[in-house]
Each structure stands twice: as structure tokens, then as C-alpha cells.
Amino acid sequence: MTDLSAVKAALKSQRIETPSWAYGNSGTRFKVFAQPGVPRNPYEKLDDAAQVQAATGVAPVVALHIPWDRVDDYAALAAHAGDRGLELGAINTNVFQDDDYKLGSVCHPDPAVRAKALAHLLECVDIMDATGSRDLKLWFADGTNYPGQDDVTTRQDRLAEALTAVYERLGEGQRMLLEYKLFEPSFYTTDVPDWGTAYAHCLKLGPKAQVVVDTGHHAPGTNIEFIVALLLREGKLGGFDFNSRFYADDDLMVGAADPFQLFRIMHEVAKNRGLAPETGVAFMLDQCHNIEAKIPAIIRSVMNVQEATAKALLVDTAALRAAQQAGDVLEANAVLMDAYNTDVRPLLAEVREEQGLAPDPIRAYRTNGWAERIVADRVGGEQAGWGA
């Protein structure tokens with residue numbers, strides 16, 4: 001039998017990191033639809049993030065993206081976060097938007113471009129020092145579009161050289177999280193296309209380098225939960241970028257396309273102690289809300305992760321293990337399905353009430369007046385976001 005008190009304790013201690021860019025105007029590669037009341041600077045992004053935390057109780061960490069969130073005083077930004085019950089999380093680098101990066105960044109054939117990209121990565125470690133952030137998140141758009149465009153092996157050498165320089169700059173308690181993506185914007189070769197490439201580089205670098213699993217960055221049919229289980233087994237799962245996709249992009253709310261997959265992933269996390277704080281796994285959202293209201297979409301995403309986690313924690317592991325040992329295929333599957341088919345919304349409502357929160361986070365936000373207030377107050381200035 002599942003210990004319900006232990007399940008509740010795990011749900012109350014869960015921490016989900018929200019991305020600063022999800023609060024601004026961001027969306028698809030084709031068009032970004034601006035919304036009224038969107039933050040105009042990183043401080044206002046944190047104000048909105050505080051609303052998500054107030055509604056859910058499990059989202060006190062906010063990831064930053066540089067240069068989108070560049071400020072003159074990062075200590076002041078961290079203090080602003082602290083005043084709102086938040087802390088600053090992963091510092092995300094950006095070496096994909098400058099014209100110089102047309103042929104790559106740290107893998108570019110031109111040493112001057114590689115030096116520029118490396119300088120940005122090192123600047124982001126400086127920002128980590130100022131904000132107290134633990135994680136440096138690296139994603140590279142580097143790759144090629146045509147056979148013969150560049151030497152595949154040489155590009156890996158350039159990548160390894162840059163990663164080594166950044167790794168050596170990391171301070172005590174800091175780590176780098178290396179993300180991968182199957183394709184786009186590079187369509188022939190991508191320099192970090194899969195978990196194996198990321199793992200190989202992280203393994204060579206050392207214990208401060210770990211892999212990020214973005215749930216939208218895989219080929220159709222890929223068993224993501226297997227990757228999660230293997231990386232957990234090897235102590236190399238640094239975190240998640242939670243999102244969802246239907247075809248080839250990855251910016252929808254987590255669980256939108258396949259909530260059962262999210263459950264399967266969280267099952268592997270839960271049974272392999274990935275929820276334990278000492279494991280260090282960061283549960284981050286990486287989403288861009290283009291046509292839906294931003295704060296409610298982030299709240300809903302947090303709730304989707306909570307629901308998948310609750311179901312994973314309700315798996316009768318003793319019964320599952322017994323069925324597996326007996327070779328009872330149908331019973332083992334039934335144990336998992338029993339947990340997945342459980343309606344955990346009443347349980348989560350009870351957990352929230354025990355924490356002094358409203359049982360329905362979406363309703364709590366929609367009735368607190370914040371949405372109307374920011375539309376009225378945030379008039380003038382330039383909205384945060386990126387163009388497309």
C-alpha cells in the first residue's frame with residue numbers, strides 16, 4: 001500500500017522552476033502575438049512569477065535568460081526576487097541570436113566568433129556569482145545544413161574546448177547543464193543532437209557537468225523515460241525542460257500532447273529517488289505562451305507536473321515489483337495504469353489547503369485582480385520578449 005502521508009510530503013516539498021521568458025512576449029518562429037500587461041523588464045517578470053508561486057506554492061524558483069534579462073545590478077534583482085518569496089534559478093545562455101552565429105557559436109570555424117561566444121558563456125558564470133544561481137544552462141543551435149559544410153569531428157573538438165573552459169570557471173556549488181536538440185535550426189547535423197552526445201561531453205568534463213532532458217527535443221517514438229532512468233542511474237540527470245509538442249516544436253504546456261508520457265517520466269524519477277533534494281534534479285519549465293494568457297498557462301503547466309508527480313507517487317511499488325518478479329506482464333502494467341487512472345485533483349486540492357493555499361490555483365489567480373491590474377499599470381515602455 002502507498003503511504004499517503006509520504007505522498008503528501010513529497011508533493012509539498014516539490015520545486016518547479018518557471019522560465020522568465022514565458023512571462024514575456026515569446027512564441028513561435030513565425031509570429032509573436034503581443035498581449036496587454038506583459039512585463040517590461042526582469043523585475044516585472046519576477047512580480048508575475050510571484051503570482052504563480054502564490055497560487056501553487058511549489059514554484060519559488062525563476063530561471064533567467066541572458067541577454068533577455070540583463071540588468072545593471074544582479075544582486076538587486078536577486079534581492080527583488082527574495083522580497084517576493086522567490087529565488088533566481090538557472091542562468092540560460094544565448095549564443096544563437098547574433099548575426100555572427102549564422103555558422104555556429106562555439107563550434108564556428110572562425111576563432112573570433114568562438115571567442116565571442118565563449119566570452120558570453122563566461123559572463124553568465126559571473127552573473128551566477130552575483131545572483132547566487134546554481135546552474136548554468138547551455139543550449140547550442142550549432143550545426144550544419146549541408147554535407148561537407150564543415151568537419152563534424154572538428155566541430156566536436158571546438159565544442160569540447162569551449163565546455164572545458166567554462167567548466168574550469170565554475171565555482172563551488174555551481175554546475176553546468178548541457179541541453180540537446182534533435183534538429184532545428186540545423187537540419188543536416190546538429191552538434192549536440194541527443195542525450196548520448198551531451199552525456200559523453202559531461203562524462204569527460206566531470207561531476208559538475210550534467211545533462212538536461214528537454215521533453216520536446218526527441219525523435220517521434222523516442223522512449224524518454226528510458227533516457228531519464230539511465231541518466232539517473234549514472235548520476236548525470238541535471239534537470240528537465242518540461243514542455244510538450246505535437247510535431248517538431250516544443251513550446252506548448254507540458255503534458256498537452258501526451259500526459260501519459262509525462263506520468264511515465266515522473267514514475268522513473270520517483271522510483272529512482274529523483275525527487276530527493278540531494279539528487280539535485282531541477283524541474284524546469286521551458287515554454288513560450290503565444291496565444292494563451294501567460295500567467296494562467298504557467299500555473300496550468302505547474303499543475304500538470306504536480307498531477308503527473310502525484311500519480312507517479314501513488315504507484316504501488318511493492319505490488320509492481322512482485323508482478324515484475326513473477327513475470328506477470330499484465331498485472332505489472334495494470335499496477336501502473338491503476339495509478340495513472342487515479343483522479344489526483346482532490347488529493348492535490350487537499351495538499352494545497354493544508355499549505356494554506358486555495359484548492360484551485362487557476363481560480364485563485366483569476367479572482368485576485370492581478371490580471372486586470374497589470375493591464376492598467378503596465379502602459380508605456382517596451383514589453384519584454386523576442387521578435388519573430
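Before reading across strands, I wrote down the pairing rule: two strands count as paired if DSSP finds at least two bridges between them. I also noted that this is a predicted model.

**Entry 1: the barrel**

I started with the strands. Eight of them close into a barrel, in the order β1-β2-β3-β4-β6-β8-β9-β10, and the pairing is parallel. From one strand to the next, the twist averages 30 degrees.

**Entry 2: strand β6 and its neighbours**

On one side I found β4 (residues 135-138), which runs parallel to β6 and is joined to it by four bridges. Which residue of β6 stands opposite Leu 136? I found Met 176 there. I also looked up Lys 137, and its bridge partner in β6 is Leu 177.

Next I checked β8 (residues 209-214): four bridges join β6 to this strand too, and again the two run parallel. Here I noted that Glu 179 has Val 212 in β8 as its bridge partner.

Then I asked myself: is β6 largely enclosed or open? Five of the five residues of β6 (residues 175-179) are buried, so the strand is largely enclosed by the rest of the structure. For "buried" I used the cut-off of under 20% relative accessible area.

I reminded myself that side chains in a regular strand alternate between the two faces of the sheet. In β6, I saw Arg 175, Leu 177 and Glu 179 point one way, while Met 176 and Leu 178 point the other way. All of these are buried.

**Entry 3: helices on the sheet**

Helix α8 (residues 259-271) lies across β9 (237-242) and β10 (282-285), and it runs at about 160 degrees to β9. Helix α9 (residues 294-313) packs on the sheet as well, where it touches β1, β9 and β10. I noted about 155 degrees between the direction of α9 and that of β1.

**Entry 4: two helix pairs**

My reminder for this part: two packed helices are described by the angle between their axes and the distance between the axes.

For α1 (residues 4-13) and α12 (residues 345-354), I got an angle of about 65 degrees and axes 10 Å apart. Angles of 65 to 115 degrees count as roughly perpendicular, so that is what I wrote for α1 and α12. Their crossing is right-handed. Leu 4, Val 7, Lys 8, Leu 11 and Lys 12 in α1 meet Leu 347, Leu 348, Glu 350, Val 351 and Glu 354 in α12. I sorted the residues of this contact into six nonpolar, no polar and four charged.

For α2 (residues 42-56) and α3 (residues 74-83), the angle is about 20 degrees and the axes are 10 Å apart. That makes α2 roughly parallel to α3. This crossing is right-handed. From α2, I listed Pro 42, Tyr 43, Leu 46 and Asp 47, and from α3, Ala 76, Leu 77, His 80 and Ala 81. These divide into six nonpolar, one polar and one charged.

**Entry 5: two single residues**

I looked up Gln 35, in the loop between β1 (16-19) and α2. Is Gln 35 buried or exposed? Its relative accessibility is 17%, so Gln 35 counts as buried. Among the residues it touches are Asn 25, His 289 and Gln 383.

Last, I checked Ala 75 in helix α3. At 46% relative accessibility, Ala 75 counts as partly exposed. Ala 75 and Thr 131 are 56 residues apart along the chain, and I noted 5.6 Å between their C-alpha atoms.

Technical notes. Residues numbered from 1 in each chain as written. Predicted model: local features only at pLDDT ≥ 70, side-chain atom pairs only at ≥ 80, totals over all residues. Heavy atoms only, no water. Axes fitted to C-alpha atoms, helices over the stretch in contact; angles between N-to-C directions. Parallel < 35°, antiparallel > 145°, perpendicular 65-115°, else oblique. Left-handed = near helix turned anticlockwise from the far one by under 90°. Contact = heavy atoms within 4.5 Å. Nonpolar A, V, L, I, M, F, W, Y, C, P; charged D, E, K, R; others polar. Buried < 20%, exposed > 50% of the residue type's maximum accessible area, 1.4 Å probe, protein only. Lists of a residue's contacts leave out its neighbours within four places in sequence.
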